[in-house]
Amino acid sequence: MSETTQNTSAFRIFGQPKMAILLLFGFSSGLPFYLTSKTLQAWMTTAHVDLATIGFFSLVTLPYSLKFVWAPVMDRYIPPFLGRRRGWVLITQILLLLSIAAMALHDPARGLQMLAINAIAITFFSASQDISLDAYRTDVLQDREMGAGAAVFVLGYRIAMISTGALAFFLADRIQWPAVYAVLSTLLVVGIATTFIAPEPVLSDAPPKTLFEAVVLPFADFFQRVGPRAVLVLLFIVVYKYSDSLAGSMTTPFLLQAGFSQSEVGAVFLGVGVIATIAGVVVGGAMIGKVGINRALWIFVVFQGLSNLTYYGLSLSGKNHAFMVAAIITENFGLGLVSAVMTAYIMEMCNKRFTATQFALLSSLMAASRDILVAPAGKLVESTGWPGFFLITVAMAIPPLVLLPFIAPWSRDVPIGAAPHTGETVPAKVA
């Protein structure tokens, strides 16, 4: 295949109707994210709730980290309408809309317990929607579509985060916070309408017959399919984005200590930083379609590690606004690249019989490097200083490079142990 044909094929994938569906589903997935974090914190602050209580409310997001616990239910049971994947999507979307709208019934100044229960309900149904949408996205795509599918979904997710976050604060200056949540809940109609018109993935093999099978068989399938390299695959998922996660966990303290104001840092992160991440996701999806997922894994992890050299240079040069903007753009663009390719890789490793469970489990390992393994970052800075710390983050791109020949050899089209993905669907039906 010529380079021109490869380029045309890569971008033609983005124009498929299913990509528009995934963009809208990504929007539906990203819509609730800030409603139990930033916007809820703002509401509680204006209601004069003390900071300690606001801090403890971060625990309401715990269901996002535990979604693998109930994911097998969505592999085992098939709703009596819309099919195995869309049926669960619709159920979670309706419950999510109702739980967000129910926030309009609360007043943080008078009762925090019921507010907390409602917020937990939102995160539970949001995490459940993510389980069903992750499974749908994986089942509806062919191997060569994985990168583009992951990219447009993340694009929709980011658009929802930005737009709903901004809209919430805009509305809060004009109407009361309870009314803000009532208005934002109606945006779920976008996802619900999409669910009715989306095609349903075809499941060639029967789903698990019992809940026990739905819990046990995903593990058995994974270790049998991947073989002795299974442990290496799991380790690879943990360490692939660690270079970026480690650096990202300390960039804000670094920039503030370097003399930049909070307004400067916030403006760049929320402005060109977000745009760079979205650009990275889109470019990453196109490149995966062109060069294949294996080669993309190699190229992107190298870019990710080297991108942290911009922060190393900034730590040596001192306060330099242009350098700071360049560092944030480069690092966030790299984040977009590795996010797209790692999502596509996890999708490749999921068997369609157990997509909900396997994707939830594998993605929780990816989150471990972001949420747990970055904990020593502050101690590393204290021990080595900022230049030494950022050099360590560059070096953290080496472990995944060492593992890649055993996981996704450059000469292969798909990773070792990948499950087959035909992307076969049937037209949308209501029942």
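1. Helix α2 (residues 17-30) and helix α8 (residues 146-172) have axes that come within 7 Å and cross at roughly 40 degrees. Axes are lines fitted to C-alpha atoms, for helices over the stretch in contact, and angles run from 0 to 180 degrees between N-to-C directions. Helices are DSSP runs (H or I, at least four residues), numbered from the N terminus. The two are therefore oblique to each other (under 35 degrees is roughly parallel, over 145 roughly antiparallel, 65 to 115 roughly perpendicular, the rest oblique).

2. This is a predicted model: local features need pLDDT of at least 70, side-chain atom pairs count only at pLDDT 80 or more, and totals for chains, interfaces and linings use all residues. Residues are numbered from 1 along each chain as its sequence is written, and side-chain values use heavy atoms, without hydrogens or water.

3. The crossing of α2 and α8 is right-handed (near helix turned clockwise from the far one by less than a right angle; anticlockwise is left-handed). Contact means heavy atoms within 4.5 Å. On the α2 side, the residues include Met19, Leu22, Phe25 and Gly26. They meet α8 residues, among them Gly149, Val152, Phe153 and Gly156. The contact holds 13 nonpolar, six polar and no charged residues (nonpolar: Ala, Val, Leu, Ile, Met, Phe, Trp, Tyr, Cys, Pro; charged: Asp, Glu, Lys, Arg; polar: the others, Gly among them).

4. Now α7 (residues 112-140). Its axis and that of α2 come within 10 Å and cross at roughly 165 degrees. That makes α2 roughly antiparallel to α7. This crossing is left-handed.

5. Lys18, Ile21 and Phe25 are among the α2 residues in the α7 contact. Asp130, Leu133 and Arg137 are among those from α7. By class, the α2 and α7 contact has six nonpolar, four polar and three charged residues.
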